[in-house]
Amino acid sequence: MELRHLRYFIAVAEAASFTAAAKNLNISQPPLSQQIKDLEEEVGTRLFERSSRHVELTEAGVSFLDQARMILGQVEHATHQARAIGSGQVGMLNIGTTGSVLLGQLSTLIARFRERWPGVFVRIHEMDPQAQELALLSHRTDLSFVRKPRHNAELVGKVAWQERVGVALPADHPLARHQTVELGALRQESFVFLRLADSRFARYLHDCCVAAGFVPNITNEVVESYSLTSLVSAGLGVALVPECIRNLSRPGVVYRPLADPAPEADVYVLSRPNHGPVVASFLEATAAMFG
């Protein structure tokens with residue numbers, strides 16, 4: 001039994017006429033009559049009572065009509081669903097990221113993506129960059145947003161958006177009166193820092209300090225950038241932070257951009273090269289938002 005048999009049967013049942021049904025289907029009547037005869041033979045019972053003037057459903061035909069409509073409706077739904085998934089309009093997207101990235105542009109990007117593709121369920125997994133890489137490779141996540149990722153031949157990475165690095169200072173710090181701060185002007189400060197052992201971004205910032213002529217005096221280390229402002233607020237030092245951290249208000253803390261040439265805090269998006277249509281849709285949305 002083929003789907004066309006069901007469509008022909010429904011057409012005849014709704015028109016109550018082989019002639020009218022054939023016209024609606026844009027086929028001739030003899031082939032239509034043969035298709036219905038073949039269907040009845042396959043079902044094993046008559047579906048229509050026929051006369052020279054009238055075509056009427058049998059009791060079996062009435063029941064079969066309900067089921068035929070349901071089957072074609074399910075096929076139509078399955079087809080629509082498959083097309084939506086294949087075009088990246090429906091599905092699930094697992095994103096690995098750090099809290100500081102989510103604090104910045106990523107949350108806006110996700111909101112815009114969900115406005116356009118409400119059929120995609122987005123799940124966020126907050127984890128450190130090393131864990132993100134492992135999650136991507138093991139297919140537990142589909143995308144990662146990180147700063148200073150290490151090179152991995154099994155993953156594709158590119159800059160999603162650009163950010164600069166600034167300094168979080170106590171509000172009463174003398175440098176807080178400046179519009180921008182030279183990195184070298186921080187040489188005598190105590191620093192609260194991202195944990196060097198876990199963060200390539202932290203090691204990059206450390207190297208930037210060395211290039212500016214000093215080794216930073218690190219008094220405390222934390223895992224997440226947004227935790228640094230709490231330590232600055234507590235008077236434990238100054239912190240080099242991505243510019244998105246200025247969105248996080250802390251009593252007694254001010255943010256000042258670093259003067260050029262300032263360190264970069266660019267955010268990269270990582271994916272597997274053989275990603276699916278949902279990932280492709282999100283990457284397109286990322287490119288459209290940030291150019």
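Select helix α8, residues 225-233, in this predicted model: the helix lies across the strands β7, β10 and β11, and runs at about 145° to β10. Contact here means heavy atoms within 4.5 Å, and axes are lines fitted to C-alpha atoms, for helices over the stretch in contact, with angles running from 0 to 180 degrees between N-to-C directions. Helices (H or I, at least four residues) and strands (E, at least two) are DSSP runs, numbered from the N terminus.

Stay with α8 and pick serine 225, which is placed in this helix. Is serine 225 buried or exposed? Serine 225 counts as buried, at 4% relative accessibility, where buried means under 20% relative accessible area, exposed over 50%, and partly exposed in between (1.4 Å probe, protein chains only). Leaving out residues up to four places away in sequence, serine 225 touches Ser100, Leu194, Val241, Pro242 and Ile245.

Next, show the three strands, which form an open sheet in the order β10-β7-β11 with antiparallel pairing; two strands pair if DSSP finds at least two bridges between them. Because β10 (239-242) and β11 (253-257) stand at the edges with a single partner strand each, one side of each is left without a neighbour in the sheet. Neighbouring strands of this sheet are turned by 40° against each other on average, direction ignored. Strands of a sheet pair through backbone hydrogen bonds, either parallel or antiparallel. Between β7 (residues 165-170) and β10, which run antiparallel, there are four bridges, and valine 167 of the sheet stands opposite leucine 240 in β10.

From there, move to valine 181, in the loop between β7 and β8 (190-194). Valine 181 is buried, with a relative accessible area of 1%, and its contacts, not counting residues up to four places away in sequence, include Val167, Leu169, Arg256 and Pro257.

Then go to helix α3, residues 29-43. At 1.5 Å a residue (the expected span being 1.5 Å times one less than the number of residues), its 15 residues should span 21 Å, which agrees with end C-alpha atoms that are 21 Å apart. Colour Leu32, Gln35, Ile36, Leu39 and Glu40, which are buried in α3. Seen down the axis of α3, the buried residues fall within an arc of 135° and so line one face of the helix; the arc is that of the directions from the helix axis to the C-beta atoms. On the other side of α3, Pro30 and Glu41 are exposed. Glycine 44, which follows α3, has a positive phi, near 95°.

Two stops concern the backbone. Aspartate 260 and proline 261 are joined by a cis peptide bond, with omega about 0°, and proline 261 lies in the loop between β11 and β12 (267-271). Alanine 16, in the loop between α1 (3-15) and α2 (18-25), has a positive phi of about 55° although it is not a glycine.

Finally, zoom out to the protein chain, whose C-alpha atoms fill a box of roughly 105 × 35 × 30 Å along the principal axes.

Residues are numbered from 1 along each chain as its sequence is written, and side-chain values use heavy atoms, with hydrogens and water left out. In this predicted model, local features need pLDDT of at least 70 and side-chain atom pairs count only at pLDDT 80 or more, whereas totals for chains, interfaces and linings use all residues.
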